[in-house]
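Hi there,

Here's the structure I promised to pass on. Have a look at it first, then read my notes below.

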Amino acid sequence: MSSGQARPGVGTSGGAPDRLLRATVAATVAWLVLYTVLTALCQDSPRAAMFVGDILYLVPLIAGVLVAGVAVRRERGRHRTLWQLLTVAFAAQLAGESIWAGYDYLTPDGPPAPSVADIGYLLSSTLMVVAVLVGFGGASRLRHLRGLLDSTLIIVSLGALGWQMLIRPQLSEGMAFADAVNIAYPLLDVVLLVCLGIVGMAGHKSVPLTVRLVGAAGAVNAVSDIVYTYIATFSDYDSGSWVDVGFEIAAALCFLAAVVAVRRPEPPAEPRSFDRGMPLMPILISVTATSALVAFDKVSAGAVGDLTLIVVAVLFLTVMLRQYLFAADRAGLAEQLALAVTEQRRLAVTDGLTGLYNRRHLMTIVDRLRGAPAGRPVSLMVVDLDHFKLVNDTHGHLAGDAVLQEAAARITTTARASDVVARYGGEEFVLLLTDTDGAEAERLAERVRRRLRETPVVVGDAVIALTASIGVASSPDGTVQHLLEAADRALYRAKEQGRDRVTTVAAPVREPVAVPGPTG
């Protein structure tokens, strides 16, 4: 009386049609047609109907358990957990149906109400809900909990309305335990469908085919369970009746879901950054059902009953908690978005290898200083690692990257907090030193040079000596127009003089702007 869940798709693999999968689908459809015809032919023969409803009915359930076991062995990660749950759910359903058949064939009065078979049915339905939530494990726990709360809203409101208006008036002696067990089946089906809709379809960009097959099985089961509950509550249910056709269709859909999982594995469902959440549907259903309950009590009894008041209180508290979770989910997503934006801004100005500012950000700062009025001194140094190409050629590019990272760390720890340190490109680093004259910049450059060469860089078994040539240019009035070019010239001079040294030049002073005198 229940269903299962999964995750692949019917189609092609590498452009070739899957003939086995298509043949399985065709055979399943043929079986359902045969089962329906046999059900129709056996309505006037209780023994034949019992054989169809108890024995032939088990065929897709047995096949579903076997194929689901194969899916467990082939899947990995979250999908494997999903199919482990589904295999147990299918097995519990099969156990329940087998026990039911045993009661039919081995006892004169058939299964009691409730019976041991109901344990298998209820376990299967419960595991189905858990499997759906596992199948959408990419969603947050808040979304899972909100899906369960939405299910609670819909079930409590519709269940209370149906009980008060349809079922309770017809039960002269009150509801027995067996009636409660029967009513649990369609309620669990609704939980499955609501979780599939709210956590799955509303919260994910795509829903795998096997999950959709399980959802379809749940929908068929829900209708069949409602009919079965009505029959079992107000009449007598016999195996092989027409309602079993619905359960057989659901079992066949679960079997197909397992086959598709084996033949057409799909990636996990991808969650939406902002799920649609369906915030109005459960609330509208709850408000409508509550209003109908109150109106029904007023009309039928002249006052609102205690049960209605309890239902209203439960629904109110559930709605409040549900909205809190919805707001908390949105707040969490907003925080994640803010962090992502901050990270994007950081990446836009940062060199990915060394963590220093990148060349574009350095030039942005230089351009900003170009428009500033003349004032305090500014200096700039260009640091170029000596013979760096030889490091890459001898030890490999990974070793070269390690050297660049170590050099960047040493330069950063030597520089002052106010200095802008950037990777200019390749093995070149640039330090922009505001409020720094030529003498102070040269002293800082010497400290950087000594810090770089004082300890070799160890990469694996390689010990790599590290030296650098440094060019420094200064502008006493803060002019940066030609500062980088001047520091570059100083760097080349340092290389020409033998490397591992600091060379300083002065950048051109900003030309005064001529102001025309009075005429006449």
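Before we get to the strands, one term: two strands count as paired if DSSP finds at least two bridges between them. Strands of a sheet pair through backbone hydrogen bonds, and they can do so either parallel or antiparallel. Also keep in mind that this is a predicted model.

With that in hand, take strand S3 (residues 378–385) and strand S8 (residues 468–475): they pair in the antiparallel sense, over eight bridges.

Now zoom out. These strands belong to an open sheet of five, in the order S4-S5-S3-S8-S9, and the pairing is mixed. Strand S4 (420–425) and strand S9 (502–506) are the edges, each pairing on one side only. On average, neighbouring strands are turned by 20 degrees against each other, ignoring direction.

Is S8 mostly covered or uncovered? It's mostly covered, with eight of its eight residues buried. That goes for both faces: Ala468, Ile470, Val472 and Ser474 are buried on one side, and Ser469, Gly471, Ala473 and Ser475 on the other.

Helix H16 (residues 483–496) lies across S3, S4, S5, S8 and S9, at about 145 degrees to S8. Together, S8, H16 and S9 make a left-handed β-α-β unit. Helix H12 (residues 359–370) lies across S4 and strand S5 (428–434), running at about 120 degrees to S4.

Cheers

How values were computed
Residues are numbered from 1 along each chain as its sequence is written. This is a predicted model: local features need pLDDT of at least 70, side-chain atom pairs count only at pLDDT 80 or more; totals for chains, interfaces and linings use all residues. Side-chain values use heavy atoms; hydrogens and water are left out. Helices (H or I, at least four residues) and strands (E, at least two) are DSSP runs, numbered from the N terminus. Axes are lines fitted to C-alpha atoms, for helices over the stretch in contact, and angles run from 0 to 180 degrees between N-to-C directions. Contact means heavy atoms within 4.5 Å. Buried means under 20% relative accessible area, exposed over 50%, partly exposed in between (1.4 Å probe, protein chains only). A crossover is right-handed if, with the strands pointing away from the viewer, the path from the first strand over the helix to the second runs clockwise.
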